[in-house]
Amino acid sequence: MASSPSLPQLTNDVMIPPFRYSIVESGVHRSAHPTSRNFPFVRRLRLQSILSMVAKLDSALEVFATQHAIKLYHIEVARAFDSVTLTHENAAQALEILVNPANLPCLVHCYDGTSTTGLVVMCLRKLQSISMSFAVTEFERFQRAELAEPMDDEERLFVESFKHDIRAPAVTPKWLWESPTNTDHGGPHLRLSAGSKASPKTLEDGGLENVDGTRLADAGTLDHIIKESAVLEALALEGTF
């Protein structure tokens, strides 16, 4: 009897995205907790930071971030089972990281990429003045298929009652201002840093500049990162990896 073929060993060239990986906005990625088999894929994203919303940091992820000069932010959030463990203060902390171009590209994750990560993204959508119906639909895309009600009342109330001010640098990502802004929407508002101009925006050539005038990235670099990330997500959805 012929012996069964052995499984190929994973190498650094094998690209396996983290579970429930997706792109939220240009430079903002989401997923479940990345493991060592996902690190080659994550490295390809050329991240400036990782936002880890778990009870305790994973040592392998800490080593990976250190090796590749990636800032690792930790917001302590217990695993969500039947109730919301994220607080409004946690969500505000997360948004302040995500609206700072110095932290982008950023990968935000919790344990399974569903409730905690999903609620942070919904709060981001609220900050963008994007409709609740869109945010709910997006949230439910990442929930476990066996759930009869993908979004429960507690989760919906969490987002509806989120109204924290979000501190932001003078220059913020362009996508934050592309949605129609209604200053009376009753939701979170940006609190811009001192010395900011009336309307934070990207530079005329499409690049990003920090408050002190230092250039974060030019338009060509940003476009390359965005296009490459979109290709990687499409391949992941098709099951190519």
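1. The crossing of helices α4 and α5 is right-handed (the near helix is turned clockwise from the far one by less than a right angle). The axes of α4 (residues 115-127) and α5 come within 10 Å and cross at roughly 160°. Helix α4 is therefore roughly antiparallel to α5 (an angle over 145 degrees).

2. This is a predicted model, in which local features need pLDDT of at least 70, side-chain atom pairs count only at pLDDT 80 or more, and totals for chains, interfaces and linings use all residues. Residues are numbered from 1 along each chain as its sequence is written, and side-chain values use heavy atoms, with hydrogens and water left out.

3. Helix α5 (residues 132-141) also packs with helix α6 (residues 153-160), at an angle of about 135° and with the axes 12 Å apart. Helix α5 is therefore oblique to α6, and α5 passes α6 in a right-handed crossing. In this pairing, Met-132, Val-136 and Phe-139 of α5 meet Glu-155, Arg-156, Val-159 and Glu-160 of α6 (contact means heavy atoms within 4.5 Å).

4. His-29 belongs to strand β2, residues 28-31 (a strand is a DSSP run of E, at least two residues). Because its relative accessibility is 1%, His-29 counts as buried (under 20% relative accessible area, 1.4 Å probe, protein chains only). The side chain of His-29 makes a polar contact with that of Tyr-21, at 2.7 Å (a pair of N or O atoms within 3.5 Å, one able to donate a hydrogen and the other to accept it).

Definitions and conventions
Helices (H or I, at least four residues) and strands (E, at least two) are DSSP runs, numbered from the N terminus. Buried means under 20% relative accessible area, exposed over 50%, partly exposed in between (1.4 Å probe, protein chains only). Axes are lines fitted to C-alpha atoms, for helices over the stretch in contact, and angles run from 0 to 180 degrees between N-to-C directions. Angles under 35 degrees count as roughly parallel, over 145 as roughly antiparallel, 65 to 115 as roughly perpendicular and the rest as oblique.
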